[in-house]
Amino acid sequence: MEVVITGVAAELAADAIEALMRAQPSAVLGLATGSSPLSTYQELVRRHRAGTGPSYGEVRCFTLDEYVGLPVGHPETYRETIFRELTDDLGIDRDRVASPDAGDPQHAGSRYEAAIVAAGGVDLQVLGIGADGHLAFNEPGSSLASATRMKTLTDQTRRDNARFFGSVDEVPRHVLTQGLGTILRARHLLMIATGAGKAAAVAAAVEGPLSASCPASVLQLHPHATVLLDAEAASGL
Ligand code: GLP
């Protein structure tokens with residue numbers, strides 16, 4: 001695992017994504033939502049608008065997770081979020097962006113796994129980390145080999161995500177998430193964490209034991225994982 005403590009995490013993450021796109025224009029990107037990757041996405045959009053970015057015409061994208069129970073088109077679905085925060089601004093056709101089908105949660109997992117395989121697998125997966133060490137929506141206790149499936153959120157994660165909704169009661173209880181096994185099959189994992197609130201989770205993920213108690217510790221199993229941290233997020237290392 002490559003751990004980089006830096007004041008320019010967004011720029012480095014954008015560099016890695018752009019380098020992949022230049023080398024492999026039909027690359028498959030795995031896209032996380034949440035605040036952690038936001039400045040990276042803004043940097044990619046800034047460069048695209050400045051005319052210095054790569055072409056995204058052939059890219060395929062898979063979102064990491066999705067809420068179950070929000071109406072189609074709700075602004076806080078992760079599908080709409082990724083359109084708004086990244087792919088629309090990069091000119092990526094919406095048909096090239098896949099997300100787990102929250103309308104059919106029972107079958108969505110196996111279909112999503114099949115779609116990722118059919119696309120040739122994810123080349124680069126962008127990740128954040130939850131304050132409790134969750135990865136995507138794989139909460140503590142998730143099987144390290146899990147596939148895309150429906151999960152129930154912990155109260156802590158619902159409280160953490162309430163800032164995107166009117167109140168915690170509006171945060172859905174159920175989600176679809178790529179599994180830890182799914183994430184591990186991506187060819188490059190790029191995790192971004194900033195702020196002191198992530199320090200304990202980052203320390204457990206990077207230096208703690210490999211354990212379902214800290215789902216992000218699966219990064220230790222991956223042959224090509226990059227962790228970009230600011231000084232605060234690295235302060236527990
Ligand atoms: C959510 C998402 C994760 C994300 C995590 C951290 O629960 N499902 O993919 O990594 O929260 O979010 P943030 O980056 O906003 O701290």
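**A tour of the nonpolar core and its helices**

Begin with the largest nonpolar core, which has 66 residues; Ile129, Met191, Val202 and Ala205 have the most contacts inside it. A nonpolar core is a set of buried Ala, Val, Leu, Ile, Met, Phe, Trp, Tyr and Cys residues joined through C-beta atoms within 7 Å. A residue is buried if 20 or more other C-beta atoms, placed from the backbone, lie within 10 Å of its own. The largest share of this core, seven residues, comes from α1. This is a predicted model: local features need pLDDT of at least 70, side-chain atom pairs count only at pLDDT 80 or more, and totals for chains, interfaces and linings use all residues. Residues are numbered from 1 along each chain as its sequence is written.

Next, select Ile129. Not counting residues up to four places away in sequence, Ile129 touches Leu135, Met191, Ala193, Lys198, Ala201, Val202, Ala205 and Ala216; contact requires C-beta atoms, placed from the backbone, within 7 Å.

Proceed to helix α7 (residues 199-207), where Ala201, Val202, Ala204, Ala205 and Val206 are buried. Helices (H or I, at least four residues) and strands (E, at least two) are DSSP runs, numbered from the N terminus. The cover over the buried residues of α7 includes β1 (2-5), β9 (188-193) and β10 (225-229).

Finally, select α1 (residues 9-23) and α2 (residues 38-50). Which residues of α1 meet α2? They are Ala10, Glu11, Ala13, Ala14 and Ile17, and their partners in α2 are Ser39, Thr40, Glu43, Leu44 and Arg47.

Terms used
Contact = placed C-beta atoms within 7 Å. Buried ≥ 20, exposed ≤ 12 C-beta atoms within 10 Å, placed from the backbone.
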